[in-house]
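Reader: I am new to this structure and would like to learn how its features are read, one at a time. Could you take me through them slowly, giving the general idea before each case?

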Amino acid sequence: MPTNVTPEFDKQRQIYEDTEDLAQRIVELEKLLSLAPRHKGAERMVGDYRKKLAQLKAKVEKQREQERTRKGTRGAEEGVIRKEGAGQVCLLGVTNSGKSTIINSVTNAELDVGDYPFTTPIPTPAMLILEDINIQLVEIPGLFKGFRESGMGRQALAVARNTDCIALVVDLSQDIDMQMGIILSELDGARVRLNREQSAVRIERVGLGGHMIYGAQNYQGDIEEVKEYLRARRISNIIVRLQKPATFEQLVDAMDASVAYVRALVIATKGDVPGSEDRFAELTEKYGKRFEIFPISAKTGENLDGMKWALYDHLDILRVYTKIPGKKREDKPIVLPEGAIVEDAAAKVHKELFVERFRAAVIFRANDKIKRRQVGLSYPLEDGDILQLMSR
Ligand SMILES: Nc1nc2c(ncn2[C@@H]2O[C@H](COP(=O)(O)OP(=O)(O)OP(=O)(O)O)[C@@H](O)[C@H]2O)c(=O)[nH]1
Ligand SMILES: [Mg+2]
């Protein structure tokens with residue numbers, strides 16, 4: 001065996017060699033490869049491991065196929081996390097960035113924390129209790145280059161695609177470009193777009209009419225390239241609506257139904273370590289336009305409360321409390337998406353009673369000049385509203 005491997009690599013090699021379960025062996029081998037040295041002397045070894053990986057995968061795929069034909073199913077959705085609470089946030093970052101430590105410090109969970117890589121091997125949920133609602137936090141296993149092509153990566157990114165918000169955990173004791181580079185390229189490759197406007201481009205496939213492009217003035221570039229692209233894709237009839245300023249990339253994404261758009265923020269952790277201030281400044285300069293960035297230290301507890309509310313804000317939800325005349329408001333809120341109206345709340349309470357037989361609603365809102373505001377079904381709600389519904 002060649003020399004010049006790190007102790008982590010050696011340790012992982014042992015784990016890999018001791019693992020018998022085929023699927024788990026693949027996971028361990030993928031981790032091993034992510035830890036492999038990049039120098040020339042190691043090329044042969046890495047090549048051999050890659051071949052081994054391909055063989056293992058082929059074997060597993062074959063097994064799965066046989067199983068599928070036997071069972072006649074399309075395979076159970078293993079590892080899928082059931083959403084719970086008012087919203088779900090996935091914590092995602094390179095290994096050792098401090099994801100488990102953050103979760104442990106704001107929930108009752110006791111996830112394993114370690115200074116060795118890949119302590120958390122599978123997507124792991126925990127519940128954050130924030131005042132009167134629950135937010136589900138999910139730790140995604142540490143990302144590495146090629147993660148999205150790995151078995152575990154695919155499964156973990158499927159969770160991230162369907163989540164309500166992604167928190168990128170950036171470790172202020174590790175290189176910024178390395179971390180953001182890996183995170184963003186893996187997500188991008190998995191067609192997960194962060195903080196991108198989905199509604200900028202609307203596509204409608206039609207039977208005839210040719211290329212109809214509306215709002216061409218919103219296109220950031222030469223509109224001819226859009227037409228060229230459509231021709232190259234052999235799309236002869238289509239309506240493209242550019243509703244907001246949009247780039248070529250956004251247009252391509254809009255035509256691809258498999259692209260997921262997820263809200264995201266950055267949690268910059270380990271703010272207690274030496275050098276963290278400079279790295280934080282670098283992070284803000286390079287990524288502050290695209291993401292809100294929250295500096296914390298899970299070790300000292302600094303800014304953890306602020307972080308919780310930042311997560312809440314990024315879920316784009318609001319809480320409404322119903323109230324029966326003459327009584328105190330309910331303790332537990334109804335949680336609705338931002339932009340919800342009285343009708344949405346009424347439908348959640350009792351559709352037949354309060355939507356179909358709606359008579360009136362009264363809103364009690366802090367800082368509202370009118371104490372009892374009488375409103376109709378289409379009145380927009382705000383976070384913290386107290387709502388009294390009346391039916392005919
Ligand atoms: N100084 C300092 N160290 C921290 C902080 N948060 C985590 N650590 C340390 O960083 C190491 C990794 O922490 P984990 O929480 O296990 O990191 P993780 O991102 O869950 O790692 P994996 O699950 O292995 O991918 C541990 O040694 C922690 O003690 C922090 O705020 N400050
Ligand atoms: Mg962990």
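This is a predicted model: local features need pLDDT of at least 70, side-chain atom pairs count only at pLDDT 80 or more; totals for chains, interfaces and linings use all residues.

Reader: Is N195 buried, exposed or partly exposed, and why?

Author: A residue is buried if 20 or more other C-beta atoms lie within 10 Å of its own, exposed if 12 or fewer, and partly exposed in between, with C-beta atoms placed from the backbone. N195 is partly exposed because 15 other C-beta atoms lie within 10 Å. K270 also has a positive phi, of about 65°, although it is not a glycine; this residue is found in the loop between strand 9 (260–269) and helix 9 (276–287), and K270 is buried, with 24 other C-beta atoms within 10 Å.

Reader: Which residues does L157 contact, leaving aside its neighbours within four places in sequence?

Author: Two residues are in contact if their C-beta atoms, placed from the backbone, lie within 7 Å. On that basis L157, which is found in helix 5 (residues 151–161), is in contact with R148, A190 and V192, leaving aside its neighbours within four places in sequence. L157 is buried, because 25 other C-beta atoms lie within 10 Å.

Reader: How far may the confidence of the protein chain be read from its pLDDT, and what does the chain average?

Author: pLDDT is the predictor's confidence in each residue, from 0 to 100. The protein chain averages 90, and 95% of the residues score at least 70. Over residues 72–78, however, the pLDDT is below 50, and this stretch has four contacts in the model beyond near neighbours in sequence.

Reader: How many residues surround ligand 1, and which are the closest?

Author: A residue is near a molecule if its C-beta atom, placed from the backbone, lies within 6 Å of it. Ligand 1 is surrounded by 23 residues, of which the closest are G98, S100, T119, T120 and G142. Helix 4 (residues 99–106) gives the most to this shell, with three residues.

Reader: What is the order of the strands in the open sheet of five strands?

Author: Strands of a sheet pair through backbone hydrogen bonds, either parallel or antiparallel. Two strands pair if DSSP finds at least two bridges between them. The open sheet here has the order 12-11-15-13-14, with mixed pairing. Strand 12 (334–337) and strand 14 (373–375) stand at the edges, each with a single partner strand, so one side of each is left without a neighbour in the sheet. Within the sheet, strand 13 (residues 358–364) and strand 15 (residues 385–391) pair in the antiparallel sense over six bridges, and F358 stands opposite S391 in strand 15.

Terms used. Residues are numbered from 1 along each chain as its sequence is written. Chains are lettered from A and ligands numbered from 1 in the order in which they are written. Helices (H or I, at least four residues) and strands (E, at least two) are DSSP runs, numbered from the N terminus.
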